[in-house]
Amino acid sequence: MSELSASKMHQGVKILHDPIRNKSTAFTDAERDALKLRGLLPPRIHSLAEQEMRVLGAIRSKVNDLERYLYLIGLQDRNETLFYRVLMNHIEEMMPLVYTPTVGKACQEFGHIYRIPRGLYIGPSDRGHIREVLDNWPHKNARIIVVTDGERILGLGDLGANGMGIPIGKLSLYTACAGIHPTQCLPVMLDVGTNNEELLNDPLYNGVERRRIRGEQYDALVDEFITAAQDMFPGVLIQLEDFGNANAFRLLQQYRQKTCLFDDDIQGTGAVALAGIISALRITGGELSDQRLLFLGAGEAGIGIADTVVAALVDEGMSVEKARQHCWFVDSKGLVVSDRGEISASKRPYAHKHAAAGSFIEAVKALQPTAIIGVSGQAGAFSREVIEVMGEINQRPIIFALSNPTSKAECSAEQAYDWSQGQAIFASGSPFEPVERGSRTFVPGQGNNAYIFPGVGLGAVASRARRVTDEMFLRAARTLAEQVTDQDLELGRIYPSLSRIRDVSALIARDVAAIAYSQGLSDREEPEDIMADIESQMFQPVYPHYA
Ligand SMILES: O=C([O-])CC(=O)C(=O)O
Ligand SMILES: [Mg+2]
């Protein structure tokens, strides 16, 4: 649509209520005349930069982060250009507000802070009509869908329909970090009920009032949704997010071979953690093939990371069987060993022959790992003793406390540095502030899949990839690791600065797209310059001229 015809459609007050086209006080005199806005705005014209200053002041004056979140979502509802300008120009300050940890708090309160819907709700009563529901979405050009059923929201458990905050937040990062146009992002809540009694008893809970549907009914709903989404938005990329363990692995297996789909908690987290390990090895001087990783927690993130590490080792020439021996798991029943009895299919490859160990510290002492990776959702599980023992075993122990939000981290950055005499190479899923000790400043890296999914998604949709492959995630991990500078490592940070995330995402997208083209996963002709092609598709938060 040309800007002129857009302006005709949106004459008058309507354009002020269209968040995609609204410029608010930045409408020029000529635009105010052409669009019949005279009198509807205060007379003083402000530039986007001045509006940004106003917004920053407002955000910073709020009393807590949930209020800041609400302000930002309100801004997104009024003026997306300004919202993304603020988000992109101040990503380190804003990401913890629109994403983990604050989005976790927002999800817990979702029914109570509800204002305006963002995204689509699809539930059991929509069976047989999901296409019509998708057709109600005002934007017909969705390219990326993030969908959850709310069963495992971050490390917070079953939040039912309150989990809608997660697809919204993830998609805001798609735009901010990888330039996917806001109208091409579709958040979806598959509201199949919740088993969270507290929510079911809360009169302000706004999801379906029932316990979760399971089995055939559930599968049929998911299947209808995926089929309808592809039909409605050809080529759309579907990101599975924060499903319960069993469904996450199952749905990924079931759909990844036939649709453009991935699971962020399994594959995105896998890639971001591998990137962190590769960078940590630049500090320790070790090889990936010398590492022994001990995971606490054997859910999506843990298995996803182990599978990605195994893929990297196999790519280096190791056998799968041998590679798996480098990854060990402790779950709620202790060390996962081969003679334990019933073991789920996803853990089975990592159930090695070994004496049982009941607790995590016992397993650390028995296995002498080079790295411990917390993906358990158990706050404080990396005790002082665990970290001290890791420091005795290793000169530079690798300690990743990846559970989200911050309240669920296995240890804090301070604890990791203090209990290891400053030797830990630490990363966390949610952000921690730098830690000052004497003349030294330790800057913890944020090992969050936000470094991976925006770039992978952009690469996939820009190349019109029909599938998202493991090879793409392995490549994304390596590309991310390559962006870590010696300066980052000197600060202790094993990820690039968040301020560079847009460039990093573009590089990941380039490499993912290159795989799609070279492996015949795209019908699109390979552009001469993939990077230029990617960049040309990235949304920039600038106002159009209407007159
Ligand atoms: O959302 C995040 O911060 C990372 C993630 O996918 C999760 O913890 O489920
Ligand atoms: Mg997640």
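Biologist: Which residues does UniProt list for "domain: Malic enzyme N-terminal"?
Modeller: Bear in mind that this is a predicted model. The UniProt record, an unreviewed entry, gives residues 76-256 for that domain. Over this span the chain is 47% helix and 10% strand. The end C-alpha atoms of the span are 32 Å apart.

Biologist: Which residues does the annotation "domain: Malic enzyme NAD-binding" cover?
Modeller: Residues 266-517, again according to an unreviewed UniProt entry. That span is 44% helix and 12% strand. Its end C-alpha atoms lie 24 Å apart.

Biologist: Let us turn to sheets. How do I read one?
Modeller: Strands of a sheet pair through backbone hydrogen bonds, and the pairing is either parallel or antiparallel. Here, one open sheet has five strands in the order β1-β3-β2-β4-β5, with parallel pairing. At its edges are β1 (120-122) and β5 (261-263), each pairing on one side only. Its neighbouring strands are turned by 25° against each other on average, direction ignored.

Biologist: How many bridges join β2 to β4?
Modeller: Four. Strand β2 covers residues 144-148 and strand β4 covers residues 237-240, and the two run parallel. Helix α21 (residues 453-462) lies across β2 and β4, running at about 155° to β4.

Biologist: What is the strand order of the open sheet of seven strands?
Modeller: The order is β8-β7-β6-β9-β10-β11-β14, with mixed pairing. The edge strands are β8 (334-335) and β14 (445-446), and each pairs on one side only. Inside the sheet, four bridges join β6 (residues 293-296) to the parallel strand β7 (residues 327-331). There, L296 stands opposite V330 in β7.

Biologist: Which strands of this sheet does helix α15 touch?
Modeller: Helix α15 (residues 264-284) packs on the sheet and touches β9 (371-374), β10 (398-401), β11 (425-428) and β14. Its direction makes about 155° with that of β10. Helix α18 (residues 360-367) also packs on the sheet, touching β6, β7, β8 and β9. The direction of α18 makes about 175° with that of β6.

Biologist: Now helix against helix. At what angle do α6 and α11 pack?
Modeller: Look at the angle and the axis distance. Helix α6 (residues 80-89) and helix α11 (residues 165-178) pack at about 70°, with axes 9 Å apart. Angles of 65 to 115 degrees count as roughly perpendicular, so α6 and α11 are roughly perpendicular to each other. On α6 the contact uses Y84, L87 and M88; on α11 it uses S172, T175 and A176. Four of these contact residues are nonpolar, two are polar and none is charged.

Biologist: Where does UniProt place the feature "active site"?
Modeller: An unreviewed entry puts it at Y99 and K170. Y99 sits in the loop between α7 (91-98) and α8 (102-108).

Terms used
Residues numbered from 1 in each chain as written. Chains lettered and ligands numbered in written order. Predicted model: local features only at pLDDT ≥ 70, side-chain atom pairs only at ≥ 80, totals over all residues. Axes fitted to C-alpha atoms, helices over the stretch in contact; angles between N-to-C directions. Parallel < 35°, antiparallel > 145°, perpendicular 65-115°, else oblique. Contact = placed C-beta atoms within 7 Å. Nonpolar A, V, L, I, M, F, W, Y, C, P; charged D, E, K, R; others polar. Pairing = 2+ DSSP bridges. UniProt positions renumbered as here; feature names shortened; annotations may be inferred.
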